[in-house]
Amino acid sequence: MGEFIPSTLTIDPTCRIEFGPGRVEDLPELVSSLGMNRAFLVTDHGLRAAGIVDQVLKVLAAAGVEHDVYDGVGANPSTGNVDEGAAKARSFGAAVVVALGGGSVLDAAKGISLLVGNADADAADADALWEGLDGLPLIAIPTTSGTGAETNGFGVIEDTAACRKVYLGHPSVKPRIALLDPKLTLGLPPRITAATGIDALVHGLESLASRGANPVSTAYATQAVAMVGRWLPAAYQDGSDLEARAQLMLGAHLAGQALTISGLGLVHGIGHALTAHTGTPHGVALAAVLEEVLEFSASSAQHAYEQAARALRLAPPADGDWTRAAIEAVREISGALDIKQPLRELGVRPDQLHSIAQGALADAVTRNAPRRPTDEDILGILRAAY
């Protein structure tokens, strides 16, 4: 896709950004800035076990902020998680919802916030909730660097009964404040650093190539690719490197800003379907098909690939083929993270390929891809990645 300037453009600001090591200490005053002195914390068991939840609760308690906690969000959050958390939040009453965790927690917290404002609904009513009442105000505190979920008002939730992903959200549950404290990511294992970081890189790449790309999203995406491409391998190699963690966190946030404006594409369409069918972690699912989708889309995304290659500070290729240079650079980054696995190693059975392809084709993000695929195209990608 070539560069173009739209004749009209409307961009909604995303959220207030509070960034820096140790900024979690400012949480009480951020809660107060939203007009309340009560906080409902949404998180998961892993962060509870790691001591991060207790760290945040001590900050709230020391400032006299009344609080309660729901820590039952799963790795792939389900409608059941959202309904359970919403029931507890309703019992607690009016509060600022504080989402502490990775993308799964942030996505679930948006659903919980929304359901509190729509007392007669449940998480399976995704379509109705888009048109429903406002949810509670939300502060997002990501503890991974990748999803960008703190920049938008929707979450990807698993409807386990239907074996599909649903988009649950509303403008009111776009986080009012993103509290970005890279110290909270220092304990992330390399595998999770890789999986969440590759998600951020894909956000930047897909945003550049998206049918919804514009000069504003491109500005965010280009800087995101530059930062994530440089600092993700460093954070993976040395998880205690605070500079790498900080740069990666801010780059991932910028990638989230980009995707919120432009939308995503086929890598995410297939990734969502893979996760829904096999439970594969989101970033691992994306990495499994990333290079194959880049190859498929190349003929329709040459300008975007050149933008990505230049953001990654690649030397001009001798043959002038920026597209090939970009794909090889992404392959090199993915290889350094040791994250790409064949689909068969992720538990995908041959008889599931058709169903996964159909799920990917039906996913809303797939319509935003620079080269729109057919069912047979997606099957070809899956077979190549198998």
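Visitor: Where is the place of D338?

Guide: This is a predicted model. In it, D338 belongs to the loop between α13 and α14.

Visitor: Why does D338 count as exposed?

Guide: The term exposed requires a relative accessible area over 50%. D338 has 58% relative accessibility, so it counts as exposed.

Visitor: Which loop holds R313, and what makes R313 exposed?

Guide: R313 is in the loop between α12 (302-311) and α13. Its relative accessibility is 66%, and the cut-off is over 50%, so R313 is exposed. R313 also has a positive phi, of about 60°, although it is not a glycine.

Visitor: How do you know whether V348 is buried or exposed?

Guide: Buried means under 20% relative accessible area. V348 stands at 3%, so it is buried. This residue is found in the loop between α13 (322-337) and α14.

Visitor: Which residues is V348 in contact with, leaving aside its neighbours within four places in sequence?

Guide: They are L274, T278, L343, L353, I356 and Y386. As for R367, 19 residues from V348 along the chain, the two C-alpha atoms are separated by 24 Å.

Visitor: What makes A124 exposed?

Guide: The relative accessible area of A124 is 54%, and exposed means over 50%, so the term applies. A124 lies in the loop between α5 (103-116) and α6. Its C-alpha is 6.4 Å from that of T79, although 45 residues separate A124 and T79 in sequence.

Visitor: Why is the aromatic pair of F40 and F92 called tilted?

Guide: The structure holds two aromatic pairs. In the pair of F40 and F92, the centres are 6.1 Å apart and the planes are at 40°. Rings pair if their centres lie within 6.5 Å, and a pair is stacked under 30 degrees and edge-to-face over 60, so this pair is tilted.

Visitor: What does the pair of F40 and F92 tie together?

Guide: F40 is in strand β2 (residues 38-42) and F92 is in helix α4 (residues 79-92), so the pair ties together parts 52 residues apart in sequence. Both F40 and F92 are buried.

Visitor: Why is the charged end of R38 said to sit over the ring of F92?

Guide: The distance limit is within 6 Å of the ring centre, with a further condition of within 35 degrees of the ring normal. The charged end of R38 is 3.9 Å from the centre of the F92 ring and sits over that ring. Likewise, the charged end of K110 sits over the ring of F154, 6.0 Å from its centre.

Visitor: Which residues lie nearest the centre of the largest cavity?

Guide: E206, A209, L294, S297 and P370 do, out of 14 residues in the lining. The largest cavity holds about 110 Å³ of space. Its lining divides into eleven nonpolar, two polar and one charged residue. At least two lining residues come from each of α7 (190-209), α10 and α11 (282-297).

Visitor: What lines the second largest pocket?

Guide: The lining has 19 residues, of which R164, K165, V166, A362 and D363 are the closest to the centre of the second largest pocket. Its space is about 390 Å³. Nine lining residues are nonpolar, four polar and six charged.

Conventions
Residues are numbered from 1 along each chain as its sequence is written. This is a predicted model: local features need pLDDT of at least 70, side-chain atom pairs count only at pLDDT 80 or more; totals for chains, interfaces and linings use all residues. Side-chain values use heavy atoms; hydrogens and water are left out. Rings of Phe, Tyr and Trp (its six-membered ring) pair if their centres lie within 6.5 Å; planes under 30 degrees apart count as stacked, over 60 as edge-to-face and the rest as tilted. Helices (H or I, at least four residues) and strands (E, at least two) are DSSP runs, numbered from the N terminus. Buried means under 20% relative accessible area, exposed over 50%, partly exposed in between (1.4 Å probe, protein chains only). On a 1 Å grid over the protein atoms alone, a cavity is a set of points where a 1.4 Å probe fits but cannot get out, and a pocket is an open set with protein on both sides within 12 Å along at least five of seven lines; lining residues have an atom within 4 Å of a point. Grid points are joined across faces, edges and corners, and a volume is the space filled by probe spheres set on the points. Ala, Val, Leu, Ile, Met, Phe, Trp, Tyr, Cys and Pro count as nonpolar, Asp, Glu, Lys and Arg as charged, and the others, Gly among them, as polar. Contact means heavy atoms within 4.5 Å.
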